[in-house]
Amino acid sequence: MSDLQGSTRSNLSAAQLSEATLVGLAERLGDAMRRHGWMMGTAESCTGGLVAGAMTSVAGSSDWFERGFVTYSNDAKVTELDVSPDALHHFGAVSEPVALEMANGVLLASPAAHVAVSTTGIAGPGGATPGKPVGMVCFGFAMRVGDGITSRAATHVFPGDRAQVRLAAVEFALRGLLEFVGTPG
């Protein structure tokens, strides 16, 4: 029985550490957004709102968090974020082109948002296809610049089970946003 209790304590400690890391990153992001006077938006598929949840866990996040979209289905990506059906067909939902269109779509749908992040991936345990393993997540980062939008994409393959992949993707998204807005995480 003590082994089970020790194991539970270890798991809780890891979960608490992960949550503290995410909240700390979100607080730093909020500080950067406030300094710039910017608002943030999210578009999430595989993370299912966890990125927005990390941001809104910070007290006062309404000062800098504008809105989040959870667009799990391809239809939702098209109707809510204006993702091109051609991009979905040619590259698949888990791709950098779709991640970029999702992030850009946040800024197009939300004139008040200055910065956006998107996540689309394969959290597992199933869903892998040739060239797209379980744990692969594509990210889009977009920012208003003048009259246009600048954006970049990133892809990372995270180890672990579904919960671990999703939490690692949230951390990667927050760190990527900090770097994107000029405050390396």
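## Helix 3 against helix 5

Axes here are lines fitted to C-alpha atoms, for helices over the stretch in contact, and angles run from 0 to 180 degrees between N-to-C directions. Helices are DSSP runs (H or I, at least four residues) and strands are E runs of at least two, numbered from the N terminus. By these terms, the axes of helix 3 (residues 74-81) and helix 5 come within 9 Å and cross at roughly 35°.

Lys77, Glu80 and Leu81 of helix 3 meet six residues listed in helix 5, among them Val98, Glu101 and Met102 (contact: heavy atoms within 4.5 Å).

## Basis of the model

This is a predicted model: local features need pLDDT of at least 70, side-chain atom pairs count only at pLDDT 80 or more, and totals for chains, interfaces and linings use all residues. Residues are numbered from 1 along each chain as its sequence is written, and side-chain values use heavy atoms, with hydrogens and water left out.

## Inside helix 5

Val98, Ala99, Met102, Ala103, Gly105, Val106 and Leu107 of helix 5 are buried. Buried means under 20% relative accessible area, exposed over 50%, partly exposed in between (1.4 Å probe, protein chains only).

## Two loop features

Most residues other than glycine have a negative phi, and most peptide bonds are trans. Aspartate 82 has a positive phi of about 60°. Aspartate 82 sits in the loop between helix 3 and helix 4 (85-91). Aspartate 82 counts as exposed because its relative accessibility is 60%.

Glycine 124 and proline 125 are joined by a cis peptide bond, with omega about 5°. Proline 125 lies in the loop between strand 3 (115-121) and strand 4 (136-145).
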